[in-house]
Amino acid sequence: MADLPNCPNCGSEYTYEDGPSFVCPECAHEWAKDGTDDSDNVIKDSNGNILQDGDTVTVIKDLKIKGSSSVVKVGTKVKNIRLVDGDHDIDCKIDGIGAMKLKSQFVKKV
C-alpha cells in the first residue's frame with residue numbers, strides 16, 4: 001500500500017487518492033496532491049455545493065432573528081447572496097425582513 005499523508009484537518013490515517021486530490025473519509029476534507037490548499041476560501045452549503053457571489057439559496061431550517069420576534073421560515077428563497085469572511089459567511093437581503101447575515105450550514109443552493 002502506498003504511503004499516503006495523514007489528513008491535515010483531523011489527523012486521520014485513512015486518507016485515499018481521488019483524482020488530483022487526497023480525501024479524508026472521516027471528516028470529508030479534500031486537499032490537492034501538490035500541497036496547495038484552497039479550502040479556506042471555499043464556502044459550501046449544507047449539501048456540500050460550492051457557493052459563489054450572486055447565487056440563489058433556500059433556507060433549510062426556521063431561523064430565529066436575534067432581537068426580534070420574526071422568523072425566517074423554511075423554504076425562504078434568498079437571491080443574489082454575497083460571501084464574506086467571518087462566522088456568518090453570507091450577506092443577503094430577505095424580502096419582508098431586510099439585510100441579514102446567514103451561516104452557510106443553514107442554506108442549500110437552488
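This is a predicted model: local features need pLDDT of at least 70, side-chain atom pairs count only at pLDDT 80 or more; totals for chains, interfaces and linings use all residues.
Begin with the second largest pocket by selecting the residues that line it: Asp 62, Leu 63, Lys 64, Ile 65, Lys 66, His 88, Met 100, Lys 101, Leu 102, Lys 103 and Phe 106. With these on screen, the space you are looking into amounts to about 250 Å³. Next, colour strand S5 (63–64) and strand S10 (98–102), the elements that each give two or more residues to the lining of this pocket. Of the elements around the second largest pocket, S10 contributes the largest share of the lining, 3 residues. If you then colour the lining of the second largest pocket by residue class, you will find 5 nonpolar, 1 polar and 5 charged residues.

Leave the pocket now and turn to the backbone. Most residues other than glycine have a negative phi, and the next two stops depart from that pattern.

Select Ala 28, which you will find in the loop between strand S2 (21–23) and strand S3 (30–32). The phi of Ala 28 is positive, near 65°, although this residue is not a glycine. Show the surface here as well, where Ala 28 has a relative accessible area of 57% and counts as exposed, because the cut-off for exposed is over 50%.

For the last stop, move to the loop between strand S7 (77–78) and strand S8 (82–83), and select Asn 80 within that loop. Asn 80, which is not a glycine, has a positive phi of about 55°. Is Asn 80 buried or exposed? Its relative accessibility is 57%, so Asn 80 counts as exposed.

Note on methods. Residues are numbered from 1 along each chain as its sequence is written. Side-chain values use heavy atoms; hydrogens and water are left out. On a 1 Å grid over the protein atoms alone, a cavity is a set of points where a 1.4 Å probe fits but cannot get out, and a pocket is an open set with protein on both sides within 12 Å along at least five of seven lines; lining residues have an atom within 4 Å of a point. Grid points are joined across faces, edges and corners, and a volume is the space filled by probe spheres set on the points. Helices (H or I, at least four residues) and strands (E, at least two) are DSSP runs, numbered from the N terminus. Ala, Val, Leu, Ile, Met, Phe, Trp, Tyr, Cys and Pro count as nonpolar, Asp, Glu, Lys and Arg as charged, and the others, Gly among them, as polar. Buried means under 20% relative accessible area, exposed over 50%, partly exposed in between (1.4 Å probe, protein chains only).
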